[in-house]
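Welcome to this short tour of a structure that may be new to you. Take a moment to look it over, and then read on for a guide to some of its features.

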Amino acid sequence: MKCLRCGNEDPAYFYKGSKGYYCRKCIRFSRILFEEEPESFDYELSQDCDEYRFDYELTAEQKKASAECLAALNESDVLLYCVCGAGKTEIVIESISSYLRRGLKVAYAIARKEVVIELEKRFAKIFPHARIAAVYGGHHDDLSGDLIVCTCHQLYRYYKSFDLLIIDEVDAFPLKGNETLMNISLSACRGRIIFSTATVDEGLKKVLAKRSYKTVSLFLRPSYEPLSLPQIFYFRQPFSLLCLNRIMSLTANQAIIFVSSRKDCLFYYRIFSRFYSCTYVYSDLENRKQNIEAFPSGQYRFIFSTTVLERGITIRNIDVVIMNSRKIFDAANLVQMLGRVGRGLDSKGNSYIISDHHSPSIDETVKYIRKANSYL
Amino acid sequence: MKCLYCDKEIDTLSLTSLFLKEDELCEKCRKQLNRERKIIEVSGLKIETFYEYDGLFRSMLLQYKECHDEALKGVFLYGIEDYINLRYFGYQLLPVPSTGTKIRQRGFDHLAGIFENVKLPRVKGLMMNREMCQEGKSLSERREIIDNYSYNGVHLNKVLIVDDVVTTGSSLMGVFRTIEPISKKIKVLSLAYKKY
């Protein structure tokens, strides 16, 4: 017994309903009966949708990586392994255009809805003649376009529909550790896949082990600035609070302070909002969008955040402080959080980790940053 | 045994499992359903309810109805079935009918599934005059359903009308009005109520 969509073979997840056996492992995406082949989604491409232009010049390294990526796709899948802010999206543009020129279907899948909305605007500028279809929860009435940009959760609507699928941030929630979602995402592709990531974890290694792939890597940001190497402090509470206060009082920049839970977010906010202009954000906060938008506009100097802000946000001249407690953050999280520093041209900032324990993920992160900076 | 909703292993050696039927949900999920018996009044009807249509209950019911996950049919009335059997002894059960299209699409009648283990005799002969789906409709549009039922069966004694979620109460009111002239006593029960 095997579910053709999510690949589940565990008989415990098959339930006999009125229409026969169905898979309960991927039931939240819709019911699929045992050995029922889901329908693929077909759509027409418009003319000249492959034409693209950048408002800026790509660096020589980006151009090289872009050409390597396209060449590698002729033979196998691609692991696009780049540091945060290296311009992964720019690197895959040439490949997208090449596929569209040949009348082949392309999709760009990413974890978060906010990033899909941002990418839709970005792709609309890069591909002026293409119709970009953004598909995410609550926005899936029209599934067709020349280029589909969607969340990974929406890929179940496109079974074996794409000739090129780019899965961005493979190392992030919700794909990380979610085998069902990963298999559904993979089943949306009938051709090649580009796995785009800044860190390669065990889960991704497992997926890649079953496929033939080539690695295209880029450890240089367009600004040629090194990744910020964090200063690490080991303090327990209440000394960690004093340490954080010291950092906040000395910095002239805005800062994102990452904490491990919603509870911590509110705790730190209640203390520090008495002394500093600050706000906070976590995933199910009602006015999350307003708080996120108010921060880059300069309304607040500090923002306390859970992992919500670890990806997809670019603010110039920003510091990052990570309150690493309760072993919540792994190396992928830390790399992404620290990657917020120094994004964009002439952007400066510092990074700090205040930890109450010594963790291997911190060592791994420092090792990763040193390795990336050694390419400079 | 695994929880039907969160897939976590259920501790089957608890003290309650010696006396009660095995629950298909884990303790955590069961707790999050927030079961609380309430009598609410909607459009002049007194309706007995057990959940608020929100949070985990909403997600679970949507998984059952919209994702067609029949495995969940037994979880909603767990611990309530015996109460209904005793409280409404001598009543006939009348589930609010669903549209034929929905039943064909799902392959099962969702209300019949939920109330499968309730041992009350069923009323037959109630039908919808025309297919009307309430999904995505405004409150005023939903009220149109009141006159959309007809009954062609025998006279009824004591009837328990049941539904899954009460929002405007239009479906329940429609069924109530249809059978009121030919019934001696009518009670209304809805699994959940929706605040609006």
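The contact between the two chains draws nine residues from chain A and eight residues from chain B, where two residues are in contact if their C-beta atoms, placed from the backbone, lie within 7 Å. On the side of chain A that touches chain B, there are two nonpolar, three polar and four charged residues. Here Ala, Val, Leu, Ile, Met, Phe, Trp, Tyr, Cys and Pro count as nonpolar, Asp, Glu, Lys and Arg as charged, and the others, Gly among them, as polar.

Please keep in mind that this is a predicted model, in which local features need pLDDT of at least 70, side-chain atom pairs count only at pLDDT 80 or more, and totals for chains, interfaces and linings use all residues. Residues are numbered from 1 along each chain as its sequence is written, while chains are lettered from A and ligands numbered from 1 in the order in which they are written. The model has an ipTM of 0.86 and a pTM of 0.83. For chain B, the mean pLDDT (the predictor's confidence in each residue, from 0 to 100) is 88, and 92% of the residues reach 70 or more.

Now to a sheet in chain A. Six strands form an open sheet with parallel pairing, in the order 10-15-14-11-13-12. Helices (H or I, at least four residues) and strands (E, at least two) are DSSP runs, numbered from the N terminus, and two strands pair if DSSP finds at least two bridges between them. Strand 10 (231-234) and strand 12 (278-281) of chain A each have a single partner strand, so one side of each is left without a neighbour in the sheet. Within the sheet, strand 14 (residues 318-324) and strand 15 (residues 351-355) of chain A pair in the parallel sense over five bridges. Ile322(A) has Ile353(A) as its bridge partner in strand 15 of chain A.

A few backbone details are also worth a look. Most residues other than glycine have a negative phi, and most peptide bonds are trans.

In chain B, Asp7(B) has a positive phi near 70 degrees and sits in the segment before helix 1 (27-32).
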